[in-house]
Structure formats: C-alpha cells, structure tokens
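Dear colleague,

I am handing over the structure we spoke about, and below it you will find my notes on what turned up when I went through it. Please read them with the model open beside you.

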Amino acid sequence: MYCVRKVTDDLYWVGGNDHRLALFENIHPIPRGVSYNAYLLLDEKTVLFDTVDWSIGRQFIENVETLLAGRPLDYLVVNHMEPDHGASIEEIILRYPEVKIISTEKAFLFMRQFGFTVDGHIEQVAEGDTRCFGKHTVTFIAAPMVHWPEAMVTFDTTNGVLFSADAFGSFGALDGKLFNDEVNFDRDWIDDARRYYTNIVGKYGPHVQSLLKKAGGILDQIKMICPLHGPVWRSGLGYFLDKYDKWSRYEPEEQGVMIAYASMYGNTEAAAALLASKLCERGMTNVVMYDVSSTHVSQLISETFRLSHVVLASVTYNLGIYPPMHSYLMDMKALNLQKRTFAIIENGSWACRSGALMREFVEGMRDMEVLDEKVSLASAMNENNAPDMDTLVDGILESMRKPQ
Ligand code: FEO
C-alpha cells in the first residue's frame with residue numbers, strides 16, 4: 001500500500017522509514033530508525049527529487065507510481081547519490097526509460113563507479129544553472145562535501161522549497177509525522193539531529209559554512225527545507241540554522257562539562273563522580289558523565305560538540321591510553337573538532353602514562369586548550385588527591401568565566 005504525504009500544493013513526500021537497520025553506515029546505532037526522504041513534484045513535467053535506500057525500495061516505487069497515476073516520470077534530480085539515497089536510481093530508470101537525470105558531473109562519475117547504467121539519461125548541471133518544469137523553476141547550488149564531493153542542493157524559486165540533501169537531516173524515523181511542527185524537535189529530535197550531523201558531516205564544517213553563506217543570500221526566500229533524512233522544516237527555520245552554524249564553526253552550544261571516563265574496576269569512575277559532585281556543589285550543574293566503554297562513540301562525539309568543557313579521566317593500559325578512550329579521541333580528531341577546553345584525570349597503579357599521552361593527543365588538535373590542573377591517581381582516589389581535585393574544580397570554573 002502506498003504511503004505518501006503532501007508537502008505543499010503539488011509537492012509530495014514519497015520516502016519511507018527503516019526501523020530494522022541497526023547501524024547507519026554500518027557503524028552508528030539508530031535505535032529510533034531512520035527515514036529516507038524523496039519528493040515528487042507534479043508540475044507540467046513530473047520531477048522526482050532523489051531516490052531512497054534499497055531497503056525501502058518497494059514502498060518508494062509504489063508511492064511514486066501511485067502519485068504519477070500513469071503519467072511518465074520526466075526528470076529525476078539527484079542532489080546526493082550516496083547509496084542511502086541513490087540505490088534506487090537504476091530501478092527508476094528501468095521503470096521510466098525516458099527519464100532524464102539531472103545532477104552534477106561528479107555525481108555521474110560516482111554513479112558509474114557504483115555500476116549504475118545511466119548513459120542516455122544524463123543532464124549535467126552546475127552551480128547557478130536553472131530548469132523550468134512548468135509553474136516551477138529551480139536553481140542548483142553546489143554543496144561539495146555536504147556530505148560527499150558530488151552533492152548539490154536545489155532551490156525551487158517558485159515556492160521557496162530548498163531540497164537540502166543531507167544538510168538539515170537527522171537520524172530517527174518519521175512514523176507519519178513529516179513536519180518539524182508535528183513533533184517536539186527540541187525535546188525528541190535534537191539529540192539525534194546532533195548525533196547525525198556531528199558524526200556524518202562534522203568533519204566538513206568549513207564546507208557547511210560555505211553552504212550556509214550561500215543560503216544566507218536567499219534566506220528571505222526559503223520557506224521550507226526538505227532534507228533527505230528526518231523532518232521537513234516549514235517553521236522556525238532559524239532554530240536549526242543556528243544549530244548548524246554553531247556545529248559547523250565548532251562552537252559549543254552550551255557551557256557545561258562532559259566527563260568521559262575509562263575505568264576498569266570503578267576507581268577512575270569514582271574520581272569522575274566526585275568531580276561531578278564538586279562541580280554541582282559549586283553551581284555548575286550542566287554536567288554529564290559517560291563511560292567510554294559502554295557509550296557508543298557517536299554519542300560521545302555528539303556530546304563533545306554540545307558542551308564547552310571535556311574532562312578525560314582514564315586509566316593507563318599497556319602503558320598507553322585505555323583503548324575505548326583512545327578510539328574516542330581518534331574519532332574526535334578525525335572529525336576535526338576544535339575549540340574545547342579539556343581537563344585530565346589519570347590513573348595508573350604503576351607507570352602512570354595516560355595523562356601525558358591524552359594531553360599530547362589533544363594538544364595536537366586545532367584550537368584545543370588543556371588546563372594545567374590535573375588529578376593523578378595511583379590506583380584509587382584518596383585524601384592525598386583531594387586538594388588536586390579541588391584545584392581542578394577551581395580551574396574548570398575559572399576557565400568558564402573567561403570570555404569565549
Ligand atoms: Fe544520507 Fe550522505 O547520505
């Protein structure tokens with residue numbers, strides 16, 4: 001049975017949800033599922049904006065066929081051809097052999113690399129090109145590295161709809177609720193949206209900034225944002241634009257402390273808990289604690305983007321950094337995270353090395369500050385460490401008072 005939603009006048013959502021996929025990109029957990037959005041415009045010409053992952057291919061085809069009601073499909077605009085969106089391109093060609101595919105040069109290159117037979121259907125476009133489909137005229141805007149190099153976004157100048165590709169997307173299945181005003185985004189969606197952005201696109205902040213600047217030039221004309229994942233935005237666009245601006249400039253959303261701890265027998269965790277208590281006692285209650293062994297690294301990364309201060313509390317392991325903590329730091333570096341203040345709690349029953357190694361790692365990243373104050377444990381926290389812990393709390397609170 002087909003399942004579509006009207007977006008506006010002659011534009012329809014024809015995507016679907018996947019609740020069975022455990023790991024997006026086979027790496028990021030998606031307990032709330034994910035949506036693959038595609039949109040169909042019924043103008044004088046019929047135009048499909050992107051396709052979907054093959055996992056929901058049958059639903060998607062049924063949606064498209066039902067709305068077309070026997071009309072041919074004239075155009076397929078491919079804003080982003082990564083297989084979670086491009087996997088159904090060939091099926092569309094097979095069912096609509098006259099279809100023209102509108103996309104970028106690099107996208108066609110990638111389509112061929114993935115083995116798609118697109119020759120004879122190609123209509124290559126570049127930044128600033130336009131197409132008129134009848135009532136609707138669209139313009140194409142290059143969006144390289146948001147999130148792959150071939151990506152573009154398409155702006156419908158007739159109704160102000162921006163087809164934004166991966167930008168402004170989110171993990172999470174829609175389950176019937178298509179628009180941002182049909183959900184409580186700030187309560188139910190923002191954590192998944194942040195985890196999606198920071199882990200999928202986070203590395204490419206300068207490219208997102210470049211796209212935001214282009215969008216800024218037409219901001220007064222953008223009425224709706226239709227991303228390839230998650231809710232469609234038709235109100236309060238400024239809320240999400242502001243989040244994207246902060247994330248892509250690597251600015252924290254909030255002053256607060258994330259304590260990421262690596263503990264083998266609970267002693268480093270106990271020190272982390274003591275630090276959290278002391279911070280709260282001094283009035284800094286925006287504190288979260290995560291065990292790096294049991295928290296997925298995508299969640300650690302997301303929270304590191306959210307907060308201004310990070311305390312790394314780690315045991316020494318094989319004379320190095322505890323492996324899950326090391327993996328978290330490696331991911332942080334790979335995603336180009338910047339502009340955070342760190343503090344360190346180290347532990348080692350002999351040859352304690354984790355503090356020096358974590359400091360060296362973080363100082364090797366861009367615009368990161370590591371506070372001089374630190375706590376060094378020999379197996380477990382004791383009265384001798386208490387003054388250092390208090391000094392560490394002072395140092396964190398003092399650095400929060402500095403102008404950012
Ligand atoms: Fe949702 Fe970059 O693909």
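I begin with Thr104, which lies in the loop between strand E10 (100–103) and helix H4 (105–113); please bear in mind throughout that this is a predicted model. Thr104 has a relative accessibility of 13%, and because buried means under 20%, Thr104 counts as buried. Leaving out residues up to four places away in sequence, Thr104 touches Gln124, Val125, Glu150 and Met152.

E14 belongs to an open sheet of five strands, in the order E12-E13-E14-E15-E16, with mixed pairing. Strand E12 (130–132) and strand E16 (224–227) stand at its edges and have a single partner strand each, so one side of each is left without a neighbour in the sheet. On average, neighbouring strands of this sheet are turned by 20° against each other, direction ignored.

Going through the pairs, strand E13 (residues 137–142) and E14 are antiparallel and joined over five bridges, with Thr139 opposite Phe155 in E14. E14 and E15 are also paired in the antiparallel sense, over three bridges, and here Phe155 stands opposite Leu162 in E15. The two strands E14 and E15 form a hairpin with four residues between them, and Gly160 in the turn has a positive phi of about 75°. Strand E15 (residues 161–165) and E16, by contrast, run parallel and are joined by four bridges; Ala165 stands opposite Pro227 in E16.

Turning to the helices, the axes of helix H5 (residues 185–201) and helix H7 (residues 237–248) come within 12 Å and cross at roughly 35°, and the crossing is right-handed. From H5, Phe185, Asp186, Ile190, Ala193, Arg194, Tyr196 and Tyr197 take part in the contact, and they meet Tyr239, Phe240, Lys243, Tyr244, Trp247 and Ser248 in H7.

Leaving aside neighbours within four places in sequence, Tyr239 is in contact with Phe185, Asp186, Ile190 and Trp233. The C-alpha atoms of Tyr239 and Asp186 are separated by 9.4 Å, although the two residues are 53 residues apart along the chain.

Lastly, helix H8 (residues 267–281) has 15 residues and reaches 21 Å from its first C-alpha to its last, close to the 21 Å expected at 1.5 Å a residue. Which residues of H8 are buried? They are Thr268, Ala271, Ala272, Leu275, Ala276 and Leu279, and because they cover an arc of only 140° around the axis, they are on the same side of H8. An α-helix has 3.6 residues a turn, so residues three or four places apart point the same way. The buried residues of H8 pack against strand E17 (254–262), strand E18 (287–291), strand E19 (307–317), strand E21 (341–347), strand E22 (369–377) and helix H12 (386–401). H8 is followed by Gly283, whose phi is positive, near 100°.

Terms used: Residues numbered from 1 in each chain as written. Predicted model: local features only at pLDDT ≥ 70, side-chain atom pairs only at ≥ 80, totals over all residues. Heavy atoms only, no water. Expected span 1.5 Å × (residues − 1). Buried < 20%, exposed > 50% of the residue type's maximum accessible area, 1.4 Å probe, protein only. Arc of directions from axis to C-beta. Contact = heavy atoms within 4.5 Å. Pairing = 2+ DSSP bridges. Axes fitted to C-alpha atoms, helices over the stretch in contact; angles between N-to-C directions. Left-handed = near helix turned anticlockwise from the far one by under 90°.
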